[in-house]
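Subject: Structure handover

Hello,

Here is the structure I promised to pass on to you. Please open it beside this message, and then read on for what turned up in it.

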Amino acid sequence: MTNADYAAVIGLEVHCQLGTRTKLFCGCRNTFGEPPNTHVCPVCSGQPGALPVLNEAAVRLAVRAALAVEGTIRATSDFDRKNYFYCDLPKGYQITQFDAPYCQGGGVRLASGRTVRLRRIHLEEDAGKAIHDRGDATLVDLNRAGVPLIEAVTEADLQTADEAHEFLTALKEMLRFAGVSDCDMEKGSLRCDVNVSLHRPGEPWGTKVELKNLNSFRFVRDSLEHEIARQSGLLERGAGHEIRQETRLWDADRAETRVMRSKEDADDYRYFPEPDLPALVIPATLIEAERAALPELPAAKRARYTETLGLSAYDADLLSSDPVVAHLFEAALETAASPKSLANLIANEVVPALAEPAVRARAEHGHPVAPADLARVTREVESGAIHANGGRRVLELLVRGDERDVDRILQEEHLLLVTDEAALERWCRQALVGREDVAREVRAGKTKAIGALMGAVMKASHGQAAPERVRALLQRMIDESEA
Ligand SMILES: [Zn+2]
């Protein structure tokens, strides 16, 4: 019996912090990376008698997320208390939505054309952060307590680790483009739990195992692959090797999952309606305002880039997977020459640079490079005034914050190509001296032979002769010398 005999049934739960200025039920700032416990008040630290007040901005972003996945928004939904004790939860309960989430349905389309359905999205507050890696002590930071979250729960529609990866990537892109969240997994603003079971096609679903501690999409994929192999191994061995219903942690260092807790100690959260908050009423006017403000999402961008701009699927994917990149591309497109040259420069110089924290940080406050400069460089490369490598060099400097303008960089870095006809002709004439052999070959149709002369011209011009002009000029001079 092989793994291929079993089908995997995978479901995901995705937590996403909303990019609001303040927390969900108080005025404390929603920040990351600040000194511990500096954004805390009686409400989010759970002091007796403190009352929550709902942040409208969080509701707006939650609505936007629902619209992005085409979910159905309830006009009236409820908040509930989820009761449990943990040191990062000072109130002893989390305010969430249990029976009546604000959004139901919706989905995310995969490249295969299949849609992964969403069961629900609910709005809730984040817990604080317990820090365990400081010797014997556990430290608690409440800056995160009360930060607004949405939790999106899929139907068990996913079948492979790769599909789970693709779904998460697509969902993250949608939420980022919609302006719901930065979805930065390193900051914890996007978090994911996975459940997976195996069964033989046509037979009932098997026992479900939950995977936690998945801090990157790669971990999601790796842990699912490992878990599917582990479960199918147990099923193959048969009696005495049952799959237990449990929660497992992914240990990335050892590349394996291990038991965190079994079903026997599953929690009973004793949900009940939150008495300190009225029902969540989302007016149709708010929904329509958010719908009108919803930016173009990645799938629509991708289609427009390939169908209207004629870009390849690869370029369209690259440009539409990061809002910073897409916005830069579209702003530069207004004055650039061809979308393809622009896409090339962005792919080669801007996208890799954005992986550098300093470049990314500057891009948070605008474009990583002025769109007009990017457009200008693209046009200069296309016209042959600068070499493609020269264009890349200018961008490399601009993206990393070079303060010189494009003209000065071109001059000081000696990137402007010589296009002056008289100078080019002089170099070409010199190169042709004594090379009647090459001229004959070219006349005989071996146009590649011209390369031997190109090298001489580039050497004489210190690499600054515009190559396309030189090639054309040499061809013309050889043709004319025959006559
Ligand atoms: Zn607070």
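Below are the findings, going from the whole chain down to single residues.

**Overall form**

Please keep in mind that this is a predicted model. The chain has 16 helices and 17 strands. Its radius of gyration is 30 Å, while the globule rule gives 23 Å for 483 residues, so the chain is more spread out than a compact globule. The C-alpha trace spans about 95 × 60 × 50 Å along its principal axes. Of the 483 residues, 36% count as buried. If you look at contacts with a separation of 6 or more, 68% of them come from residues 24 or more positions apart.

**Strands**

Strand 4 (residues 80-83) and strand 5 run antiparallel and are joined by 4 bridges.

**Cores**

Which residues touch the most other members of the largest nonpolar core? In this core of 67 residues, they are Ala62, Ala65, Ala66, Ile150, Ala164, Phe167 and Val194. The elements that give two or more residues to this core are strand 1, helix 1 (56-68), strand 8 (115-125), strand 11, helix 2 (161-177), strand 12, strand 13 (209-214) and helix 3 (217-237). Helix 1 gives the most, with 9 residues. Another core, of 45 residues, lies apart from this one, and its members include Leu342, Leu374, Ile386 and Val470.

As a general point, nonpolar side chains tend to be buried together in soluble globular proteins.

Leaving out residues up to four places away in sequence, Ala164 touches Ile10, Leu12, Leu158, Val194, Val220, Arg221 and Leu224.

In helix 5 (residues 298-307), the buried residues are Pro298, Lys301, Arg302 and Tyr305. Seen down the helix axis, these buried residues fall within an arc of 100 degrees, so they line one face of helix 5. Ala300 and Glu307, on the other side of helix 5, are exposed. What covers the buried residues of helix 5 includes helix 2, helix 6 and helix 7 (323-333).

Leu318 has its place in helix 6 (residues 313-319). Is Leu318 buried or exposed? It has 20 C-beta neighbours inside 10 Å, so Leu318 counts as buried. Apart from residues up to four places away in sequence, Leu318 touches Ala347 and Val351. Leu318 and Ile346 are 28 residues apart along the chain, with 9.3 Å between their C-alpha atoms.

**Two backbone angles to look at**

Ala255 is not a glycine, yet it has a positive phi of about 50 degrees. This residue is found in the loop between strand 14 (246-251) and strand 15 (256-262). Ala255 counts as exposed because it has 12 C-beta neighbours inside 10 Å.

Arg270 is also not a glycine, and its phi is positive at about 45 degrees. Its loop is the one between strand 15 and strand 16. With 10 C-beta neighbours inside 10 Å, Arg270 counts as exposed too.

Conventions
Residues numbered from 1 in each chain as written. Predicted model: local features only at pLDDT ≥ 70, side-chain atom pairs only at ≥ 80, totals over all residues. Core = buried A, V, L, I, M, F, W, Y, C linked by C-beta atoms within 7 Å. Contact = placed C-beta atoms within 7 Å. Rg over C-alpha atoms; globule rule 2.2 N^0.38 Å. Pairing = 2+ DSSP bridges. Arc of directions from axis to C-beta.
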